[in-house]
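Welcome! Please take a look at the chain shown here, and then let us walk through its parts together.

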Amino acid sequence: MFRRTFLALTAATALSTPAFADGHMKDIVDTAVGAGSFTTLVAAVEAAGLVDTLKGEGPFTVFAPTDDAFAALPEGTVEDLLKPENKDQLTAILTYHVVPGKVMSTDLTNGMAAATVEGAEVTIMTEGGVMVNDANVTTADIEASNGVIHVIDKVIMPPM
């Protein structure tokens with residue numbers, strides 16, 4: 001238990017510090033790559049062809065599921081989503097995790113609905129901890145040059 005707590009605190013500390021490279025803040029993709037706990041998310045963004053978009057001007061707010069969040073999906077789900085024939089479904093899931101604009105935790109209100117790039121809305125709850133739909137925000141306000149990342153503990157799915 002101590003090891004898990006130590007690792008969580010270390011990860012939270014690493015993620016909560018500004019991401020600088022050569023004195024310049026990194027974009028959302030480079031910030032996620034540098035954190036080391038978003039390898040599945042980065043692979044999915046690459047497979048969906050969204051890297052250039054998320055490296056673009058923005059600003060974007062990304063609710064970023066960790067590798068553990070992707071690992072909690074039913075076995076084979078990630079592998080199936082990464083197949084070229086499932087690119088549209090993968091893109092829909094990923095863009096459901098992105099809100100246009102830079103939304104910091106201080107901008108959130110309980111019961112707030114936010115329109116995603118995918119088109120559907122996510123619901124933000126702030127009582128008893130911040131949640132996006134049914135995912136907990138574990139680390140908030142990781143600033144990037146083109147937006148902000150909020151780390152979540154679950155992959156959220158758009159309504160079908």
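## Getting started

A residue is called buried when its relative accessible area is under 20%, exposed when that area is over 50%, and partly exposed in between (1.4 Å probe, protein chains only). Helices (H or I, at least four residues) and strands (E, at least two) are DSSP runs, numbered from the N terminus.

This is a predicted model, in which local features need pLDDT of at least 70 and side-chain atom pairs count only at pLDDT 80 or more, while totals for chains, interfaces and linings use all residues. Residues are numbered from 1 along each chain as its sequence is written, and side-chain values use heavy atoms, with hydrogens and water left out.

## The chain as a whole

The protein chain holds 7 helices and 9 strands. Of its 160 residues, 38% are buried. A contact here means heavy atoms within 4.5 Å. Among contacts between residues at least 6 apart in sequence, 60% join residues at least 24 apart.

## The sheet

Strands of a sheet pair through backbone hydrogen bonds, either parallel or antiparallel. Two strands are said to pair if DSSP finds at least two bridges between them. In this model, 7 strands make an open sheet with mixed pairing, in the order 4-3-9-8-7-6-5. Strand 4 and strand 5 (112-115) are the edge strands, each pairing on one side only. Helix 2 packs on this sheet, where it touches strand 3, strand 8 (135-144) and strand 9 (147-152). The direction of helix 2 makes about 40° with that of strand 9; axes are lines fitted to C-alpha atoms, for helices over the stretch in contact, and angles run from 0 to 180 degrees between N-to-C directions.

## Strand 9, covered on both faces

How many residues of strand 9 are buried? The count is 6 of the 6, so strand 9 is largely enclosed by the rest of the structure. One side carries Gly 147, Ile 149 and Val 151, and the other carries Val 148, His 150 and Ile 152.

Strand 9 pairs with strand 3 in the parallel sense over 6 bridges, and one of the residue pairs is Phe 63 with His 150. Strand 8 runs antiparallel to strand 9, joined to it by 5 bridges. There, Glu 143 stands opposite Val 148. Strand 8 and strand 9 form a hairpin, with 2 residues between them.

Strand 6 has a covered face, with Val 122 and Ile 124, and an uncovered face, with Glu 121, Thr 123 and Met 125. With strand 5, strand 6 pairs in the antiparallel sense over 4 bridges, and Ala 113 has Thr 123 as its bridge partner. The hairpin of these two strands has 5 residues between the strands, and Gly 119 in it takes a positive phi near 120°.

Strand 6 also pairs with strand 7 (residues 131-132), in the antiparallel sense over 2 bridges. Ile 124 stands opposite Val 132 there. This hairpin has 5 residues between the strands, and its Gly 128 takes a positive phi near 75°.

Is Glu 121 buried or partly exposed? Glu 121 is partly exposed, with a relative accessible area of 49%. Not counting residues up to four places away in sequence, Glu 121 touches Tyr 96, Ala 113, Ala 114 and Ala 115. Glu 121 and Pro 158 are 37 residues apart in sequence, with 8.3 Å from C-alpha to C-alpha.

## Helix 3 and helix 7

The buried residues of helix 3 (39-47) are Thr 40, Leu 41, Val 42, Ala 44 and Val 45. Their cover includes helix 2, helix 4, strand 3, helix 5 (67-71), helix 6 and helix 7. Gly 49 follows helix 3 and has a positive phi, near 75°.

In helix 7, the buried residues are Leu 90, Ile 93, Leu 94 and Thr 95. What covers them includes helix 3, helix 6 (77-81) and strand 4 (98-100).

## The second largest pocket

Rolling a probe the size of a water molecule over the atoms shows where empty space is left. On a 1 Å grid over the protein atoms alone, a pocket is an open set of points where a 1.4 Å probe fits, with protein on both sides within 12 Å along at least five of seven lines; lining residues have an atom within 4 Å of a point.

The second largest pocket has a volume of about 210 Å³, a volume being the space filled by probe spheres set on the points, which are joined across faces, edges and corners. Its lining has 20 residues, and Ile 28, Val 45, Leu 54, Val 62 and Val 98 lie nearest the centre. Strand 3 gives the largest share of the lining, 5 residues.
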